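Hi everyone, thanks for having me.

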Amino acid sequence: MPAPFAVMGIVNVTPDSFSDGGEWFDTDAAVRHGIELAAAGATILDVGGESTRPGAPAVDAEEELRRVVPVVAGLVAAVPGAVLSVDTTKASVARASLEAGATYVNDVSALRSDPGMLGVVVEHGARCCLMHMQGDPRTMQSQARYDDVVDDVRAFLEGRIEVAVAAGVPLERIDVDPGIGFAKTQDHNLELLRRLDEIVAIGPRVVVGTSRKSFLGRLTGRDDPRQRLAGTIATNVLALASGARVFRVHDVGAVHDALAVAAHVVAPGREDTGASVARHG
Ligand code: PMM
């Protein structure tokens, strides 16, 4: 029986991510950080070299390759049991990362940004995450307009699944993500979390990324992203109860333990079957 949840630990190799910019902007530091996240309970490590915070400057492919690929290769060697994910919208970065041992492509553009991306995912038999966003990270906050945010996100994700499957990605290798914080107002983020079961009903495994995001800061008065762990835990536990199964977070140990406990209530009988839960007895 599969584990009831997977924690995806964030390894940002960027000088400017909103929540941990610059902390791991060095190959060795990033690899050490990934090793720590795996020891704390992450079974997926998500390596990214371009910040997606609203208004962040674009990074060219050469620079992104330089940041990401050595970290992926280092973590494949150091943590052989982990799934290595690359957080990129560029086909060249995905290809080089898959060649270095990654098996998962986390593309916040849902494979739309680069026309070569779908082919790379198919060719390498990679698993992928299709995330909802409108516009791109530079323009998205001005595009937060929906008839009904949950219906619109659901229709978008269903459309992207169709495109991916038609191109040859097996349905069982596709995850979906409502894109919390991407072209969403405060109310949109909360409505998506409130009605997350409607995204789960699409079928594929649902990934959620609320970790340290600004909407939590607005609700709690915490300006410093590092002080948003309690809000992060609350949203991840609620998302687990709604049926989400992959949790993309910075603070892996705390979120892992919260989910391990919550899983005993929301997924009874399955809570002690997965490696990530068994690790902590
Ligand atoms: N959020 C960020 C980056 N990548 N990927 C997925 N699938 N879902 C997300 O919510 C998501 C993502 C932005 O957060 P960061 O700058 O802290 O990495």
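I'll go through the barrel, then the ligand.

Quick housekeeping: this is a predicted model, where local features need pLDDT of at least 70, side-chain atom pairs count only at pLDDT 80 or more, and totals for chains, interfaces and linings use all residues. Residues are numbered from 1 along each chain as its sequence is written, and side-chain values use heavy atoms, with hydrogens and water left out.

So, how do the eight strands close into a barrel? They go in the order β1-β2-β3-β4-β5-β6-β7-β8, with parallel pairing. Strands here are DSSP runs (E, at least two residues), and helices are too (H or I, at least four residues), numbered from the N terminus. Two strands pair if DSSP finds at least two bridges between them. On average, neighbouring strands of this sheet are turned by 25° against each other, ignoring direction. Axes, by the way, are lines fitted to C-alpha atoms, for helices over the stretch in contact, and angles run from 0 to 180 degrees between N-to-C directions.

Packing on the sheet we have helix α2, residues 61-78, which touches β1, β2 and β3; contact means heavy atoms within 4.5 Å. The direction of α2 makes about 160° with that of β2.

Now some pairs. β4 (104-107) and β5 (127-131) share four parallel bridges, and Y104 has R127 as its bridge partner. β6 (174-177) and β7 (205-208) pair over two bridges, with D175 partnered by R205. Two bridges also join β7 to β8, residues 246-249, and there V208 stands opposite F247.

On to the ligand. Which residues come nearest to it? Of the 16 around it, those are D87, N106, D177, K213 and R248, where near means a heavy atom within 4 Å. That shell divides into five nonpolar, seven polar and four charged residues.

Let's look at some distances. A ligand nitrogen is 2.8 Å from a side-chain N or O of N106, and a ligand nitrogen is 2.7 Å from one in D177. A ligand oxygen is 3.1 Å from a side-chain N or O of H250. The protein covers 97% of the 420 Å² of accessible area that the ligand has on its own, by the Shrake-Rupley method with a 1.4 Å probe.

Conventions:
Polar contact = N/O pair within 3.5 Å; in protein donor to acceptor, adjacent residues only side chain to side chain. Nonpolar A, V, L, I, M, F, W, Y, C, P; charged D, E, K, R; others polar.
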